[in-house]
Amino acid sequence: MALAETVLRKVHKLGLIPKAIKLLPVISFVMAIASIGWLLVLPLDGQYRNTYISENALMPFQVNSYFRESEWNIVRGYREEVKKFEYDPISSKAEVVEKWLNSFGYITTYHHNGVTNDTLYAILHAPRGDDTEAMVLAVPWYTSDKEHNEGGIALAAALARYFSKMSIWSKNIILVFPETSHYPLRSWVEAYHTSLDQTAGSIEAAIVLEYGKNGDHFDYYEMFYEGLNGQLPNLDLLNTANMIGFHESLPSSIQGTPSHEISKNTYFTRLRTLLRGIGSLTLSGLSRNTPGCEAFSGWQIQAFTIKAKGSNGPADVTQLGRVVDSTFRSVNNLLEKFHQSFFFYLLLSTRNFVSIGTYLPAAVLVSIAFALSSLGAVLNSGVKFDEYIGGLTTILSTFFGIELCGVVMAFSLPYITINAPKEFEDVTVFQILCQFVLINVAVSFSPLFNIKSKYKFNKAVKYGLIALSLFFISMLIMTLLIVHFALALIIGILAVPLTFIQPLTLLRYVNENKAQIKISLCLFVSNPFFVLFIAGSYLDAESGAVSLMRGLLTSWHELQCWTWFVVILGWFPAWLAIGLGVVFGEHEVDYSKAINKLKSS
Amino acid sequence: MISWLKLLFLVAVVAASERYYNETLSLKPLPNNNLLASFQFHIESQPIDLEYYDDHNKTGTAKHYSYFPRSLGPILEATNTRELHLRFTQGWWDSGSWGLLPQQGLQSGGTGVEMWAVVEAPDSHTAKQNWFKLSKTLSGFFCASLNFIDDSITAFPRYAASHPKGVVLNPSNHVYLIRASLPSEPICTENLTPFLKLLPTRGKAGISSLLDGHKVFDSLWHGMSIDITTECVSAQCHYQMEQSVNAIVDITRSIRKKQEGGLPKPTPGDKLRCDDSKTFNIWQCFPLDEPTNVTWSLDTIYGRKLKGPAFIDDPESTAIKIDIDSNHWDVDMKLDKDDALLSWRVSGYEKDQITEYIKEEGDHDIEFITDDSTFTAPVEQPPLYASRSLTGYSLDKGGFRTVLTNPSESESVEFIYFETLPWFMRLYLNTLTMKVQNSTGTYEVEDESVYVKNRYFQPAIDRKRPSHLEFVMTIPPQLTLFFTYQFDKSLLLYHEYPPDANHGFAVEPAIITVLDKSNHGVYEVRTTSVLLTLPTPDFSMPYNVIILTCTVMSLAFGCIFNLLTKKVITENELEKLSEQSKLAKIVSGLRAKVQRLKSLVRR
C-alpha cells in the first residue's frame, strides 16, 4: 500500500497524468502495434508448444490397422465402378452405393432437405453396443474443388465393408453422402438432431473425406479443422489423426501450406500457418466451397476434413483409409467425451500449437487500444464535461438510430438474397455490395467537399459519437475474443485507422486539406465492406467479392454462422457513427485554442 | 404364426408343469447369415410353505427346493418377493431384418440391467424397504451394480400389463410392482457365470454346456433373463423360474474366426472373391457379397459341443427346436460317443419346424448345410416399430423425439408407453406435440385423445423420485406417430458428477407393451437408451476461486491493518517528519559527508 502511495504521489508530482492523456493516441497506437508484435512473437522458438495427446484413452496408432494388402484391390474395384457413374444423376449414384452398403449390413435411409439432392446415409449399429454414441464419416459427392469425389467414395465403400467385419465397435458408425459439404451436409447434421427417424445416438466425432481423382497415390494429405463461429475441434482429435499419419509416414499439411513447405518448420513457415489459420478461422462458413468440417460445429461434435492432395506422390490410397480407420479406433476407445486437451488453439504446424492463454493478449491489446483512443477522444477534444452531458441525448439517439438501421439491414438483406430467384442471386448480392461501397465512398469523401448541411452536430456530439463508437468496438472485441478470437482480432486490426480520426480532426486546424484527406482515407480503409471487397477479390479471382458477400449474407440461414451479425451490428454501425460524426461534425472552431493545445503538447 | 407360437408355448407350459426341469434350445437362421439362438430353461421348486416375513416372523422354516436354486429361495422369502424379473441385455435389435423379438419380447430387456419385482407388503414404504434389501442382496449375487438402485430411479408402474397376480399371504397386505433399471451397466461374462450357477446342471450338461462367455457375448445382440413367479394352488405354493439366454449370432464372423482367428486380417489375394463381370486382375477386385452356400455347426459358433441331455433319466429334459426353410437347408445331428461318430439327418421335405430331444450321453453337434442362406423361415413383422432420439443443440435444454410406427395393413395397435426419466431432466409436458404421418403426408395432431387413451404422469422430486410417464395409446394401421417434448437439464451438486471417465448420463429405454383385446401384454419392445450430456462445471474453478479470494483477502487485510496501526497525516507533515526519521538523518549525514569530501577534492 505504501509503495503504491509513493508511486502515485510521484506520478502526481511529475504531472504524468495530463501528459499521458495528451499522449493517449500514441499509446493507443503503440498498443495496436504491440498486438501485431505479439502475434509475430508467437512462432518464435520457446513461445509455442509441441502437440501431445492429452487423453490417454485415445492411444493413437496402438493397434495395427488391417486396411491394407488385398483391401487395395477392393478400393480399386470400387473406384472403377464409381468412375463409371460419374456423370449419372446423384439419385442413381446413391442407389448403387446404397446397394453396396446394404450388402454389408448397413441400414440406409435418405434425408430430404428440399433444396439439393437427397442425402444418403447409412448406419452400422455397433454389435452389442449400447447404441448411444456414433462416429460419422461424411463423403460428399463433390469435393471442395468441385471435383468428383471418386477416391473418397471408393475408399468409403471399402472402409464400410472393412468396418462391418469387426466386432470391436462400441460406437455406431454413420456414413453420410451429401451432394457437397456445404448446405446439404449442414442440413443433414441439423436434421439428425431434430427430425431424422433413423438415428444412432449422439455423434462424438466426424471425419469428412475428400479424395478426388488422384488415383492410387497422392502426395500428402491436408487437414481442415475450422468450425463455425470460432469453434474448433478438440486438439486431441487432430493430434490423434496427425500422429497416425506420422506413423504411416504420410506427409501432412494444414492451412494451404504444402507439406514440403510446412515440414521445414522455420519461423516463417510457422508465422505463415498462424496467420493463414487466423484468416481461415475468420472466414469459415462464408464460402460455398467449404471443406465441410464446419457443418458439424455445435452439438459438441469434433470434426475435421482430410483431403488427399497431388496424384503422384509416395502416399498410397489405403494409407488414407488407415488414417480414418485408426482415428475411428481411437475415438472408439474413448470412455468419455472429448474434454481434455484444448478447444481453443492456433496451429503453427501439424505438430506445434499455441494455446489460448498465449495468444489471447494480442486481441486484448487491440481492445485496449480502442478503449484508450475512446478515452482520448473524450478528454483531448477540448469539450467540457457539461457539454457532453448536454449532448448525451443526441449522441445516444443517433447511435441507437444507426444500430436500428443495422438491425433492419441485418435481417432484410439476407432475406432479400435468399428469396431472390436463383439466376438473379449474384446480381442481388452485387447490388447490395455496390450500395455499401457507395455509402462508404459517400460518407468517407463528402467532408472533402464543403457541402453545407442544415444538420450539424456540435463538437460534444461529434466527439461523443466518435468516443462511443470506439468504445463500442473495444467492447465488441472484448466480448468476442474468447469465443471467436480470429474475428475479434481481425476486426480490431482492420478498424485501427478509426482511432486516428479524432487526433487528425485536431490536426485539421493546422493543415486542413491534408488532414481531411487523411481522415477520409482512414474512414474509407476501415469500412467493413471495403475490406470485404478487397479480401473477396483476392480470395476468389473468378467471381470477385460477390461470392464472399453472398457467403456473409446467407451463412446464417445456411449454416448458422453469425459473422454477418457481428459485421452489420458491430463493426458497420461503429464505422457509420464515426463517419456521420465527421460528416456532420462542426467545422468552425476556435483555431487559436486548438493550435495552442497542439503546441503545448 | 403367432397363434402357432402360442400353442407351442402352451404345450411347453403344460409339459413343463409335469416336470421340475426342462430346457429348450431354439435355433432359427435369419437373413444376412445371422442366427437367432434362444436357450430356455424352466425350473420349478417343490411345493413349499410360504410365510409372510416381518419383524414378528424372522426365522421361517427350513425348506427343500429341489431343482430351484437354494441360494435364491431364502432371499425371496426374506424380502416377501412374490415375483422377480431380471434382464441383462446389450445391443440393438434390428427389427427391420430380424423381425419379432424372441418370446414376443417378453424376455428381452433394454440396454443394461433391468429389474422389477412384485413385493408383498402392508404399505408402499415397507415394499420399498424390501425392494432395496432385495436389490442389494442380488447385486453381489449377479455381479451387477444393482446396489445402485435407490429412490431416484425406482418407479411403481401403473398401467403395466403384467400386473401382479396378487399372491398375498397375509390378507391385510397388498402387492406392489416395483421397477428400476440401470441402462449404463455393461453385460459381460461375470453376469453369465452366476446365471449358469442357478441351473441344476451348472452348465456342465445339456444345452447350457454350450454357453461360453467369450462366444455368447461375441454376438450382435444378446439378452439374459430370469423370471421367478410364485404359483399357488389353494394354499400350496411353489416357485417357478424361467431362465433364458437369447442371442443373434453373426455366422459369417463365427466362421471367419474359426478359420482365420479373431483378427480382421485382409483376405489373402488368392482367396479374394471377386466379381467376374467387372474388371478383375491381380491389382483390382470388385468384391462379391458374402457366400450364401455355407455349412456351419454349433461347434463353429460356440467352440463347444452339446454334452448330452440335462438329465439322463428324463428323455425329454433337453429339447432342440430348429426353424428353417427346408427347401434350402439341411440339418444333421452328429453324436460323438465312445469314439464313434454317428450322424443322422433330422431335416426333411417340407419339415420347417424340427423338434429333437437329446437322449444319449456324448457330444452332440448340429450341422446346418445350406445352398442359399438368404432363404430362411419367414421373419415375422413386429406389431410396432419404436425409436427414440435426443434432439436439441444446447447443454442447458434438450428434447426427446419418439417415433412409433404401426406397420400393419389392417389392424390398429394398442399399447402402453412407459418411460421413467431421471430427476435431472426437468420435463415440460406442455411442450408435448404430436404429429402423424401416413402415405398422404404429415399432419399435426390437434386432438391428442384420438391416439392417447389414457395418460399418467408423476413429476420427479429432486434426488428422490424419477419422473414417470405412461401413455395408453392406439395407432391406426399404416400410420406413424411422432411425439416430441422438451426438458431442461439441471446442474448437479459437485459430488454427484461421476468421476472423470463419463461420457454422459444414460437415460433408460422406454418400454412399449402391446396389448391384445383383453388388455394382456402380448409383445414388448424397448427403445434404445440415450446418453445425456449435462452441463458440467469446470472443476478446477474452485481452486482459482480460492486463490483469487485469498489474494483479495490479503490485500484487504493489508489496507485495514495499515489504517488501524498507522496515523493519518497530511503530505507536508509527512515530508517534515520523514526528514527527521533515522534513515533520513543517516542519508542527510552521508550527503553532508559526500559534500565535504567533494569540497575537499575540489580544493
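**Charge, fold and disulfides of a predicted model**

Chain A carries 45 positive and 47 negative side chains, and the centres of these two sets are 13 Å apart; Lys and Arg are counted as positive and Asp and Glu as negative, while His and the chain ends are left out of the count, and each charge is placed at NZ of Lys, CZ of Arg, CG of Asp or CD of Glu. The model is predicted, and local features need pLDDT of at least 70 and side-chain atom pairs pLDDT 80 or more, whereas totals for chains, interfaces and linings use all residues. Residues are numbered from 1 along each chain as its sequence is written, chains are lettered from A and ligands numbered from 1 in the order in which they are written, and side-chain values use heavy atoms, with hydrogens and water left out.

The secondary structure of chain A comprises 21 helices and 13 strands, where helices (H or I, at least four residues) and strands (E, at least two) are DSSP runs numbered from the N terminus. With a radius of gyration of 28 Å, close to the 25 Å that the globule rule gives for 601 residues, chain A is as compact as a globular protein of that length; the radius is taken over C-alpha atoms, and the rule is 2.2 Å times the number of residues to the power 0.38. The C-alpha trace of chain A spans about 90 × 60 × 45 Å along its principal axes. Of the 601 residues in chain A, 59% are buried, a term that denotes under 20% relative accessible area, with exposed meaning over 50% and partly exposed in between (1.4 Å probe, protein chains only). Among contacts in chain A (heavy atoms within 4.5 Å) between residues at least 6 apart in sequence, 82% join residues at least 24 apart. Chain A exposes about 23500 Å², of which carbon and sulfur atoms supply 64%, as computed by the Shrake-Rupley method with a 1.4 Å probe.

A disulfide is a covalent bond between the sulfur atoms of two cysteines. Cys232(B) is partly exposed at 30% relative accessibility, whereas Cys237(B) is buried at 4%. A disulfide is also formed by Cys274(B) and Cys285(B), whose sulfur atoms are 2.0 Å apart; the torsion about their S-S bond is about -105 degrees, so this disulfide is left-handed. Cys274(B) is buried at 8% relative accessibility, and Cys285(B) is buried at 1%. When the bonded cysteines of chain B are numbered in sequence order, the pairing reads 1-2, 3-4. The sulfur of Cys143(B), by contrast, is 8.5 Å from the closest cysteine sulfur, that of Cys188(B), which is too far for a bond, and Cys143(B) is partly exposed at 37% relative accessibility.

Asn265(A) is found in the loop between α8 (259-262) and α9 (267-283) of chain A and is partly exposed, at 30% relative accessibility. Asp339(B) lies in the loop between β11 (329-337) and β12 (340-345) of chain B and is exposed, with a relative accessible area of 81%.

Key
A disulfide is a pair of cysteine sulfur atoms within 2.5 Å.
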